[in-house]
Amino acid sequence: MRLLIDMDGVCADLVSHWVTLLNRYHGETLQKEDVTDWHIHKITEQTTRKEVEAFLADPGFFLHLEPIPGAIETLRRLIRDGHDLVFVTHCKEGHGDKRKWLERHLPGFPMRSVIFAERKELVSGDVLLDDGVHNLRDWQKHNPSGIAVCFDAPYNQHWQGERVTK
């Protein structure tokens with residue numbers, strides 16, 4: 001079975017790092033659970049979309065992300081069970097950092113199975129595991145025989161399909 005897996009928010013804890021940065025630079029007291037909107041800049045009046053995008057463009061940003069608890073062990077088990085894992089991640093900048101993150105946390109994973117895609121719906125597979133409802137919706141529309149599975153987060157509670165909780 002080909003499993004398409006998003007990195008940020010599914011394997012790598014992007015939200016915790018963002019919250020840390022917002023708290024540090026704006027004196028906020030946010031918790032990860034406070035991020036109830038996909039667009040993180042909307043949860044505080046002090047943060048702009050441009051600032052959030054600047055964080056993402058910072059060299060090394062993705063290298064600071066911790067794995068989501070249980071993610072690496074689960075990925076190893078899926079590989080061991082014979083599934084074809086393909087990481088499908090949206091990334092305007094930081095491609096090298098994301099590859100290094102995978103090399104650090106999943107040594108030996110074939111980099112030919114990493115796809116940087118702004119339009120994930122163009123990648124075919126049996127299952128897409130993602131935390132972004134827009135990605136899941138678009139992928140399901142273009143891959144009707146596939147299964148779109150939402151990785152549970154406070155900002156995606158409106159998803160009505162399959163869901164994985166931590």
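Four elements, β1 (2–5), α3 (71–80), β4 (127–130) and β5 (147–151), each give at least two residues to the lining of the second largest pocket. Helices here are DSSP runs of H or I with at least four residues, strands are DSSP runs of E with at least two, and both are numbered from the N terminus. Keep in mind that this is a predicted model, where local features need pLDDT of at least 70, side-chain atom pairs count only at pLDDT 80 or more, and totals for chains, interfaces and linings use all residues. Residues are numbered from 1 along each chain as its sequence is written, and side-chain values use heavy atoms, with hydrogens and water left out.

**The second largest pocket**

- A pocket is found on a 1 Å grid over the protein atoms alone: it is an open set of points where a 1.4 Å probe fits, with protein on both sides within 12 Å along at least five of seven lines, and its lining residues have an atom within 4 Å of a point.
- The second largest pocket holds about 340 Å³ of space, where a volume is the space filled by probe spheres set on the grid points, joined across faces, edges and corners.
- Its lining has 19 residues, and T74, L78, L129, F151 and V164 lie nearest the centre.
- Helix α3 contributes the most to this lining, with 4 residues.
- Sorted by class, the lining of the second largest pocket has 14 nonpolar, 4 polar and 1 charged residues.
- For that sorting, Ala, Val, Leu, Ile, Met, Phe, Trp, Tyr, Cys and Pro are nonpolar, Asp, Glu, Lys and Arg are charged, and the others, Gly among them, are polar.

**The largest pocket**

- The largest pocket has a volume of about 910 Å³.
- Which residues are closest to its centre? Out of 33 lining residues, they are W18, W38, L56, H90 and H134.
- Helices α1 (14–26), α2 (49–57) and α5 (133–142) each supply at least two residues of this lining, and α2 has the largest share with 5 residues.
- By class, the lining of the largest pocket splits into 13 nonpolar, 7 polar and 13 charged residues.

**The nonpolar cores**

- A nonpolar core is a set of buried Ala, Val, Leu, Ile, Met, Phe, Trp, Tyr and Cys residues joined through side-chain atoms within 4.5 Å.
- Buried means under 20% relative accessible area, exposed means over 50%, and partly exposed is in between, using a 1.4 Å probe and protein chains only.
- The largest nonpolar core has 39 residues, and I5, F61, L75, F87 and W101 touch the most other members.
- The elements giving two or more residues to this core are β1, α1, α2, α3, β2 (84–89), α4 (95–105), β4 and β5, and α1 gives the most, with 6 residues.
- Take I5 as a close-up: leaving aside neighbours within four places in sequence, I5 is in contact (heavy atoms within 4.5 Å) with V10, C11, L75, L85, V86, F87, V88 and L129.

**The cysteines**

- How many disulfides does a search of the whole structure find? The count is 0, with a disulfide being a pair of cysteine sulfur atoms within 2.5 Å.
- C91 is in no disulfide, and the nearest cysteine sulfur, that of C11, is 14 Å away.
- C150 is in no disulfide either, with the sulfur of C11 as its nearest cysteine sulfur, 14 Å away.
- C91 is buried at a relative accessible area of 11%, and C150 is buried at 0%.
- C11 sits in the loop between β1 and α1 and is buried, at 2% relative accessibility.
- Not counting residues up to four places away in sequence, C11 touches I5, D6, E66, P67, I68, A71, L75, F87 and W101.
- C11 and L75 are 64 residues apart in sequence and 8.8 Å apart in space, C-alpha to C-alpha.

- F62 is in the loop between α2 and α3, and F62 counts as buried because its relative accessibility is 5%.
- F62 and A12 are 50 residues apart in sequence and 8.4 Å apart in space, C-alpha to C-alpha.
- Beyond its neighbours within four places in sequence, F62 has contacts that include D8, L56, C91 and W101.
- V133 is in helix α5 and is buried, at 6% relative accessibility.
- V133 touches N156, H158 and W159, again not counting residues up to four places away in sequence.
- V133 and I72 are 61 residues apart in sequence and 23 Å apart in space, C-alpha to C-alpha.
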